[in-house]
Amino acid sequence: MTVNGWLQIAIFAAIIIALTRPLGGYLTRVVGGERTFLTPVLGPVERGLYRLAGVDPAEEQSWLTYAVAMLVFKIAGFLLLYAILRLQTVLPLNPAGQGPIAPALAFNTAVSFLTNTNWQFYAGETTMSHLAQMLGLAVQNFISAAAGIAIAVAFVRGFARRSVKTLGNFWADLVRITLYVLLPLCAVGALVIIWQGVPQTFAGSAEATTLEGAKQVISLGPVASQEAIKMLGTNGGGFFNANSAHPFENPTNLTNLLQLVAIFSLG
């Protein structure tokens, strides 16, 4: 390997190490229900979500209750995502007029995304509507990652506590991880990659003229918002078939570095 290559690895490693301790400490405070610098802004939103859902965040759950809550949440997420995929042709935000997803593909995609596996057996730009990409896949990228982190936190609590009768509250963990960790980081990340050229629009496509004079239709859509959580939540399932090899998902050296950092940072 060249000196330049080793230098790039060293810089990348230094960035990851620099992020690890403050992000880990912040995540610990979030899942512990402690006050953070975002509490004055997001605290009312968090409490409003608890009231809306009828959840007492201080009420801890046994391992069985925690597991059942997670499973119920996953089943509801599967049904919603499957319905969106099957009905996308009659739902709004479908500028390319995409038809309904085939039953087997909709089932496979829904199960895959809600388990954070994100197996992509389709070309996103020619299969999914904007609504399916945003309300379906991007939402699952958030909540499947949050659920995975919540389960990891519950696992750690089981080892850390001397008397293991409760493991926390799944609903509180899910809300806090999503609201205080994933959403703020992805909002900043999405703005940065939009600045670098990643599309974020409700337009269906743009028409370009090639060097040979032919007309080419280029798919567009809300790419940046999905790209940010795709990387931070260690998800797959990009907006385009080529995923992060597509220039609209990863247009510059800076976006490439940011995506590498994002996919390692929480893990």
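**Close-up views of a predicted model**

**View 1. Pro 95 in the loop between α3 and α4.** Pro 95 is found in the loop that runs between α3 and α4, the latter helix covering residues 103–114. The model shown here, as in every view below, is predicted. With a relative accessible area of 47%, Pro 95 is partly exposed. Leaving aside neighbours within four places in sequence, the residues in contact with Pro 95 are His 130, Phe 202, Ala 203 and Gly 204. Ala 18, which is 77 residues from Pro 95 along the chain, has its C-alpha atom 43 Å from the C-alpha atom of Pro 95.

**View 2. A nonpolar patch on the surface.** Trp 63, Leu 64, Val 68 and Val 72 form this patch, and together they have about 430 Å² of accessible area. Leu 64, one of these residues, lies in helix α3, which comprises residues 63–87.

**View 3. The packing of α3 against α7.** Helix α7, residues 170–195, packs with α3 at an angle of about 55 degrees, and the two axes are 9 Å apart. The two helices are therefore oblique to each other. On the α3 side the contact is made by Tyr 66, Ala 69, Met 70 and Phe 73, while α7 contributes Phe 170, Trp 171, Asp 173 and Leu 174. An α-helix has 3.6 residues a turn, so residues three or four places apart point the same way.

View 4. The side chains of Arg 176 and Glu 46 meet in one of them, with an N to O distance of 2.9 Å. Arg 176 lies in helix α7 and Glu 46 in helix α2 (residues 39–53), so this pair ties together parts that are 130 residues apart in sequence. Arg 176 is buried at a relative accessible area of 13%, and Glu 46, at 10% relative accessibility, also counts as buried. A further salt bridge joins Arg 157 and Asp 173, whose closest N and O atoms are 2.8 Å apart. Here Arg 157 belongs to helix α6 and Asp 173 to helix α7, so the parts tied together are 16 residues apart in sequence. Arg 157 is buried, with a relative accessible area of 13%, and Asp 173 counts as buried at 1% relative accessibility. Asp 173 is also among the α7 residues that make the contact with α3.

View 5. Helix α8, residues 223–232, is mostly covered, since 9 of its 10 residues are buried. Among the buried residues of α8 are Val 223, Ala 224, Ile 229, Met 231 and Leu 232, and what covers the buried residues includes α6 (130–160), α7 and α9 (253–265). Thr 234, which follows α8, has a positive phi, near 50 degrees.

View 6. Glu 249 forms a salt bridge with Lys 230, and their closest N and O atoms are 2.8 Å apart. Glu 249 lies in the loop between α8 and α9 and Lys 230 in helix α8, so the pair ties together parts that are 19 residues apart in sequence. Both Glu 249 and Lys 230 are buried. Salt bridges that share partners join Glu 227, Lys 230 and Glu 249 into one network, and Glu 227 is likewise listed among the buried residues of α8.

Technical notes. Residues numbered from 1 in each chain as written. Predicted model: local features only at pLDDT ≥ 70, side-chain atom pairs only at ≥ 80, totals over all residues. Heavy atoms only, no water. Patch = residues over 30% accessible without salt bridge, like charges linked within 9 Å, V, L, I, M, F, W, Y side chains within 5 Å. Areas by Shrake-Rupley, 256 points an atom, 1.4 Å probe, with all protein chains shown as cover. Salt bridge = Lys/Arg side-chain N within 4 Å of Asp/Glu carboxyl O. Helix = DSSP H or I, 4+ residues; strand = E, 2+ residues; numbered from the N terminus. Axes fitted to C-alpha atoms, helices over the stretch in contact; angles between N-to-C directions. Parallel < 35°, antiparallel > 145°, perpendicular 65-115°, else oblique. Contact = heavy atoms within 4.5 Å. Buried < 20%, exposed > 50% of the residue type's maximum accessible area, 1.4 Å probe, protein only.
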